[in-house]
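Look at the sequence and the model below, and keep both in view while reading. The paragraphs that follow go from charged pairs to helix packing and then to some backbone details.

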Amino acid sequence: MKQDKIGVLLAQIGTPSAPTAKAVRPYLKKFLSDRRIVDYHPLLWQPLLQGIILTVRPKRSAKLYEEIWTEQGSPLRNHLNSQQVGIQERLGDGFRVEVGMAYSEPSIEQAMRALEDEGISRIIVLPLFPQYSSTTTASVYDEVCFAALGRRHASGSTAKRFVPTLRFVDAYYNHPGYIAAMKQHLDQQLQLLQTPPDKFILTFHGIPQRYADTGDPYREHCLESSNLLAEAMGWDRKQWEIVFQSRFGREPWIEPATFDVLADLARQGVKRPFLFAPGFAADCLETLHELGIEGREVFEKAGGSGDSYTMAPCLNDHDSWLDFLTAYVLNNAQGWV
């Protein structure tokens, strides 16, 4: 029996198309209008968003993006391209790999349409977030389901007649392949240093504490990933610390906060911190600028030396990472191949 080609959707949050306020504004508008991200009632939130935030923040964010932009464009988009090519090569002609982003182009809707236009009726959805969160993984679920159904919201048009079969992969925060990929990557990064670090900092994107209190398992997933990675690396508990970054707004977020810890490390006499962001599948603004530039400045202002501050790259297109993702797709394709 002839087997049909299987679609694979690599899903990410998104990135602006250019480091300009004009390009950043629509990206931020869509991102911050998603109630998975900010769940305040629209009557309260939208006036603030449309007023102060989208007036001030795009210009400010554009300057940050400009500092990390490459000749090829967005770092996140470039890494996604490499991940797409690498996984496609490993999976072979029986699969079609597409990239889709929740809040920018190529959108998840465009990626789903491309797969369906090729006659693909079975699609594996791989959110590039090892740890589940309602603010990332669930946002992708929403976008994929609406795209598959041909709707923009639950009460939208039902004109689309055929809906493809979808498989959403489980979060892989504790998968041995993910942990092994990080260990191999970090071992290689540590070999590049002349002097070993005296503190390892595992930093994850934060979420509001209220989200964790009402059922989001993200913090627990981050803790388990960190414990497993530390065990694999052979670190004792005093050698490493878990922190959370990218706080937004005034309400409490999960702690400890990355910048607070970096300042305390310098005051405690830590000389050579080594930072790694296990929850980011690819380098982006939050790793390259927030950690690589701003984090270094925080450490320096507290008395540390920026020359001994190390920010490790994300997994990006590391072979062991792409090998794991490919194997995970194949495992989720059981019964289809």
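Is Asp-39 buried, partly exposed or exposed? Asp-39 has 28% relative accessibility, so Asp-39 counts as partly exposed. The cut-offs are these: buried means under 20% relative accessible area, exposed means over 50%, and partly exposed is in between (1.4 Å probe, protein chains only). The model is a predicted one, in which local features need pLDDT of at least 70, side-chain atom pairs count only at pLDDT 80 or more, and totals for chains, interfaces and linings use all residues. Residues are numbered from 1 along each chain as its sequence is written, and side-chain values use heavy atoms, with hydrogens and water left out.

Asp-39 has a charged partner. It forms a salt bridge with Arg-210, and the closest N and O atoms of the two are 2.9 Å apart. The term salt bridge stands for a side-chain nitrogen of Lys or Arg within 4 Å of a carboxyl oxygen of Asp or Glu. Asp-39 lies in the loop between helix H1 (21-33) and H2, while Arg-210 is in helix H7 (residues 209-213), so the pair ties together parts that are 171 residues apart in sequence. Arg-210 counts as partly exposed because its relative accessibility is 29%.

Arg-210 also forms a salt bridge with Glu-251, where the closest N and O atoms are 2.8 Å apart. This pair links distant parts of the chain: Arg-210 is in helix H7, and Glu-251 is in the loop between strand E6 (240-245) and helix H9 (258-268), 41 residues apart. By the rule given above, the count comes to 13 salt bridges.

Another of these pairs is Arg-96 with Glu-118, whose closest N and O atoms are 1.7 Å apart. Here too the pair links distant parts of the chain, with Arg-96 in strand E2 (residues 95-101) and Glu-118 in the loop between helix H4 (108-117) and strand E3 (122-127), 22 residues apart. Arg-96 is partly exposed, with a relative accessible area of 22%, and Glu-118 counts as partly exposed at 35% relative accessibility. Salt bridges that share partners join Lys-5, Arg-96, Glu-98 and Glu-118 into one network.

Glu-98, a member of that network, is found in strand E2. With 14% relative accessibility, Glu-98 counts as buried. Its side chain makes a polar contact with the side chain of Arg-96 (2.4 Å). A polar contact is a pair of N or O atoms within 3.5 Å; within protein, one must be able to donate a hydrogen and the other to accept it, and residues adjacent in sequence count only if both atoms are side-chain atoms. Which residues does Glu-98 touch, leaving aside its neighbours within four places in sequence? They are Val-8, Leu-9, Leu-10, Gln-84, Ala-111, Ala-114 and Leu-115, where contact means heavy atoms within 4.5 Å.

Next comes the packing of two helices. Helix H2 (residues 42-68) and helix H10 (residues 285-301) pack at an angle of about 85 degrees, and their axes are 10 Å apart. H2 and H10 are therefore roughly perpendicular to each other, a label for angles of 65 to 115 degrees. On the H2 side the contact is made by Leu-64, Tyr-65, Glu-67 and Ile-68, and on the H10 side by Leu-285, Leu-288, His-289, Ile-293 and Glu-294.

The backbone has some details to look up as well. A cis peptide bond joins Glu-105 and Pro-106, with omega about -5 degrees, and Pro-106 has its place in the loop between E2 and H4. The peptide bond from Glu-255 to Pro-256 is also cis, with omega near 5 degrees; Pro-256 is found in the loop between E6 and H9. Ser-246 is placed in the loop between E6 and H9. Its phi is near 65 degrees, a positive value in a residue other than glycine, and at 15% relative accessibility Ser-246 counts as buried. Asn-316, in the loop between strand E8 (310-311) and helix H11 (319-332), has a positive phi near 50 degrees. Asn-316 counts as buried at 8% relative accessibility.

Definitions and conventions. Axes are lines fitted to C-alpha atoms, for helices over the stretch in contact, and angles run from 0 to 180 degrees between N-to-C directions. Helices (H or I, at least four residues) and strands (E, at least two) are DSSP runs, numbered from the N terminus. Angles under 35 degrees count as roughly parallel, over 145 as roughly antiparallel, 65 to 115 as roughly perpendicular and the rest as oblique.
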